[in-house]
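Subject: Structure handover, cavities

Hello,

Here is the structure I said I would pass on.

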Amino acid sequence: MGIVSQEPILELQALMDSVDEPLNRTFQNVHQGFRAETLVRFLKAREWNVAKAHKMLVECLHWRVQNNIDKILAKAIVPTELYRAVRDSQLIGMSGYSREGLPVFAIGVGLSTLDKASVHYYVQSHIQINEYRDRVILPSASNKHGRPITTCIKVLDMTGLKLSALSQIKLMTIISTIDDLNYPEKANTYYVVNAPYIFSACWKVVKPLLQERTRKKIQVLPGCGRDELLKIMDFKSLPHFCRKEGSGSSRHSENENCYSLDHPFHQQLYNYIKQQSLITELAQPIKQGSFHVDLPEPAAEGTEIAKSLESELQKIDKGNGLSKSISGIKIDDD
């Protein structure tokens, strides 16, 4: 956790000691026994202002209770074909661990289409991965290394990033807002790889709008980032798109492709959710359909970033027909 001031942690801890059920119960699912580290995450997210961190954490706990987040790992996305369609269009996976024991998550920003299911399935899937990371993967890593491991590394693959990404900004902003409000400071570092020109143009616009602590976490690596990433992880933990320079980087088997449902990470996650679902269903039959979570209003910072991205993309497009307003993008229900 590093050297931090204990006073604000103790103040926030005293405030959280007075939290009643069911907030206290869901707080245990949040901290997983690493209470101090969790308090530090929320304090960092609010610039070490105890009152603001307390408000943020309590609102997060209310969100969890109101949306039954503690049970989301028992809510499988079925049938399997639908879940496979979600995985094929929402590219995210876990490729391994850094040498310090941090899980390495890969996100295919450029090639994710987010167009094979309703927004609720994509939000459900994203939260399930967050919860599986926080309640299964990180506690297991902490036990293995004998110290708290409460954050991860994210490698953002910009391969295939195109102007059509504008149509995804609304959903991506929703997911980002959920993370900012309810899973703050979970990423230790963001590594951006395979960045095309369009990313450079967008990054120039977005970077000044980010908070300083976020900017410091983002590293844009040359090419596929292989050489830089090998300084912090072994080759077997590299995401598949970082393993080779040039066109060869796209050649891999399905169990090496950490986005694929056939990858061991997704198989373990899906089997875990199915098992939890069966246990829960014995007590009470579960209705089919997506797990609806209240979709947050983007924070002012997120809204400004989205609008700036829209403006920049439209400038680059220069009349190629990409003029749809973000506010006009339809998010379908089931």
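The second largest cavity holds about 50 Å³ of space in this predicted model. Its lining is made up of Asn29, Val30, Arg41, Arg64, Glu131, Asp134, Arg135, Asn182, Tyr183 and Lys186. Two elements, α2 and α6, each give two or more residues to that lining. The largest share comes from α6, with three residues. Sorted by class, the lining of the second largest cavity has six charged, two polar and two nonpolar residues.

How many cavities of 30 Å³ or more does a search of the whole structure find? The search finds three.

The largest cavity has a volume of about 70 Å³. The elements giving two or more residues to its lining are α2 (23–31), α3 (35–45) and α6 (119–145). Here too α6 gives the largest share of the lining, three residues. The residues that line the largest cavity are Val30, His31, Gln32, Phe34, Thr38, Arg41, Asp134, Leu138, Pro139, Ile149, Thr150 and Lys186. By class, they divide into five nonpolar, four polar and three charged.

Regards

Conventions
Residues are numbered from 1 along each chain as its sequence is written. This is a predicted model: local features need pLDDT of at least 70, side-chain atom pairs count only at pLDDT 80 or more; totals for chains, interfaces and linings use all residues. Side-chain values use heavy atoms; hydrogens and water are left out. On a 1 Å grid over the protein atoms alone, a cavity is a set of points where a 1.4 Å probe fits but cannot get out, and a pocket is an open set with protein on both sides within 12 Å along at least five of seven lines; lining residues have an atom within 4 Å of a point. Grid points are joined across faces, edges and corners, and a volume is the space filled by probe spheres set on the points. Helices (H or I, at least four residues) and strands (E, at least two) are DSSP runs, numbered from the N terminus. Ala, Val, Leu, Ile, Met, Phe, Trp, Tyr, Cys and Pro count as nonpolar, Asp, Glu, Lys and Arg as charged, and the others, Gly among them, as polar.
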